[in-house]
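Subject: Structure handover

Hello,

Here is the structure I said I would pass on. Please open it beside this message and follow the notes below.

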Amino acid sequence: MPRTPQPDEDDLATITSWPPVYYAEQALLGALLSDPQHLADVTGISPEAFSTAAHAAVFAAICAVPAPALAKTTDYAAAFAALRAQSPSGPAEHTEHIVWLGKVLTTARKQARGVTAAHLHGLISACPNPRHTPAYARIIAAESARRRLRKAAARLVHTARDASLPHPVPAALAEADTLASLVDKIAAAFPARPGPLPRTPAPPPAPLHDGDEAAQEERLLLATCTARPAEVEQMRWLTPEDFTHPLHAGLWQSLTALVRRDVPVDPVTVIWEAQQRGALSAADDPRDLLIFLAEPDVSAPYLGERILHRAALITAHHVGRRIMAFTDDPANTPYQLVVGSRRALAELTAIRARWHHATTPTPTTGSRRRTARTAPRPPPTTAPPTSRIAR
């Protein structure tokens with residue numbers, strides 16, 4: 001992402017490499033300074049859409065200072081010489097424009113002290129064609145949408161990994177809703193057009209949890225459900241994808257398959273089913289599996305909620321990083337950003353539904369209407385005992 005100067009920094013005097021949108025901003029501002037009547041052709045952007053503080057300040061000043069009614073000046077060298085000398089002179093149509101430029105400069109300097117008369121002159125000189133103002137505005141709007149989308153995705157990533165939150169999953173889902181609303185706004189501002197889907201590679205998985213604690217909870221759940229398979233039917237909201245360890249995912253899939261076929265369930269039948277499904281590797285010792293599957297300890301739904309809680313945060317974290325990767329690829333158009341973001345957010349849809357199913361109390365016959373609107377209960381905050389399986 002481009003570097004944003006400090007408010008008092010004169011970015012024209014800074015030797016740096018800028019992205020194409022920077023020059024579009026220069027061209028737009030130059031067009032408006034040379035003929036402020038072009039402001040009527042600019043839609044869909046605000047000062048916040050600009051990538052530097054100086055550009056934002058100049059645009060805000062152009063919008064705030066009423067434009068002169070007379071024709072624009074054409075002798076800019078003489079005009080800015082007069083502006084620097086604070087003594088407008090010349091024909092009336094030139095004088096009014098010079099006075100307006102002076103007001104723009106004074107207003108802009110309140111927000112960015114580095115803006116000078118030479119700065120404004122440089123902006124006008126950087127505009128290839130003032131008649132192309134709408135095209136410059138569309139470029140700026142597109143890059144502004146990219147930055148806003150990245151910022152919202154970064155908030156989702158931060159929320160998903162913030163262990164200090166009392167209810168992290170609802171907080172992450174709320175950030176995902178905000179992100180989805182922003183995607184809808186971008187889609188409305190940039191009509192769909194034919195084109196390829198974004199080809200940006202997905203970022204590699206990032207660790208988001210304590211691997212040992214997650215593995216212990218998954219083992220406890222498998223042991224508990226092996227001893228009390230009837231509890232599996234109460235946890236249809238938990239899927240193999242929610243487990244952090246592939247072996248545990250395979251054992252859960254095998255366990256649920258046995259329960260749904262209504263066949264005997266014990267450590268031996270579970271291991272056999274896992275072997276038939278290809279869930280065991282040469283490194284998995286059946287004796288070790290028999291030992292931990294024979295050690296039920298705590299409530300299965302409690303453990304299941306913790307596993308799903310972790311899976312929801314991992315998914316939200318991945319979705320946010322995926323969207324950030326889209327925005328960091330300058331080849332992606334606004335349409336591609338919308339399509340890619342919506343596909344990424346769709347990953348949260350199923351786990352959101354399962355989370356609400358798992359954490360919303362089941363209504364009784366007499367209180368169905370009252371409990372239907374009850375907020376999901378918070379996730380468990382204390383870890384189950386793990387001393388028996390710390391091997």
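A residue counts as buried when its relative accessible area is under 20%, as exposed when that area is over 50%, and as partly exposed in between. Glu273 has a relative accessible area of 9%, so Glu273 is buried. Please keep in mind that this is a predicted model.

The chain as a whole

The chain contains 14 helices and 0 strands. Of its 391 residues, 46% are buried.

Glu273 and helix α10

Back to Glu273, which sits in helix α10, residues 267-276. What does Glu273 touch, not counting residues up to four places away in sequence? The list is Ser254, Ala257, Leu258 and Arg261.

Helix α10 also meets helix α11, residues 286-293. Their axes come within 9 Å and cross at roughly 135°. On the α10 side the contact involves Pro267, Val268, Val270 and Ile271, and on the α11 side Pro286, Leu289, Leu290 and Leu293. By class, this contact of α10 with α11 has 8 nonpolar residues, no polar ones and no charged ones.

Two other helix pairs

Helix α1 covers residues 20-34 and helix α2 covers residues 53-64. They pack at an angle of about 25°, with their axes 11 Å apart. Are α1 and α2 roughly parallel or roughly antiparallel to each other? Angles under 35 degrees count as roughly parallel, and α1 and α2 are therefore roughly parallel to each other. The crossing of α1 and α2 is left-handed. From α1, the residues in the contact are Tyr22, Glu25, Gln26, Leu29, Leu32 and Leu33, and they meet His55, Val58, Phe59 and Ile62 from α2. The residues of this contact divide into 7 nonpolar, 2 polar and 1 charged.

Helix α12 (residues 300-328) and helix α13 (residues 334-359) pack at an angle of about 170°, and their axes are 10 Å apart. An angle over 145 degrees counts as roughly antiparallel, and α12 and α13 are therefore roughly antiparallel to each other. The residues in the contact of α12 with α13 divide into 14 nonpolar, 7 polar and 4 charged.

Arg342 lies in helix α13. With a relative accessibility of 43%, Arg342 counts as partly exposed. Leaving aside its neighbours within four places in sequence, Arg342 is in contact with Val183, Asp184 and Ala187. The C-alpha atoms of Arg342 and Ile323 are separated by 9.2 Å, and these two residues are 19 residues apart along the chain.

Ala142 is found in helix α6, residues 133-160. Is Ala142 buried or exposed? Its relative accessible area is 13%, so Ala142 is buried. Leaving aside its neighbours within four places in sequence, Ala142 is in contact with Phe190 and Pro334. Gly44 is 98 residues away from Ala142 along the chain, and the C-alpha atoms of the two are separated by 9.8 Å.

Asp262 is in the loop between α9 and α10. Its relative accessible area is 71%, so Asp262 is exposed. Most residues other than glycine have a negative phi. Asp262 is not a glycine, yet its phi is positive, at about 60°.

Ala230 lies in the loop between α8 (211-227) and α9 (246-261). The relative accessible area of Ala230 is 60%, so Ala230 is exposed. The C-alpha atoms of Ala230 and Val265 are separated by 10.0 Å, and the two residues are 35 residues apart along the chain.

Regards

How values were computed
Residues are numbered from 1 along each chain as its sequence is written. This is a predicted model: local features need pLDDT of at least 70, side-chain atom pairs count only at pLDDT 80 or more; totals for chains, interfaces and linings use all residues. Side-chain values use heavy atoms; hydrogens and water are left out. Axes are lines fitted to C-alpha atoms, for helices over the stretch in contact, and angles run from 0 to 180 degrees between N-to-C directions. Helices (H or I, at least four residues) and strands (E, at least two) are DSSP runs, numbered from the N terminus. Angles under 35 degrees count as roughly parallel, over 145 as roughly antiparallel, 65 to 115 as roughly perpendicular and the rest as oblique. A crossing is left-handed if the near helix is turned anticlockwise from the far one by less than a right angle, and right-handed if clockwise. Contact means heavy atoms within 4.5 Å. Ala, Val, Leu, Ile, Met, Phe, Trp, Tyr, Cys and Pro count as nonpolar, Asp, Glu, Lys and Arg as charged, and the others, Gly among them, as polar. Buried means under 20% relative accessible area, exposed over 50%, partly exposed in between (1.4 Å probe, protein chains only).
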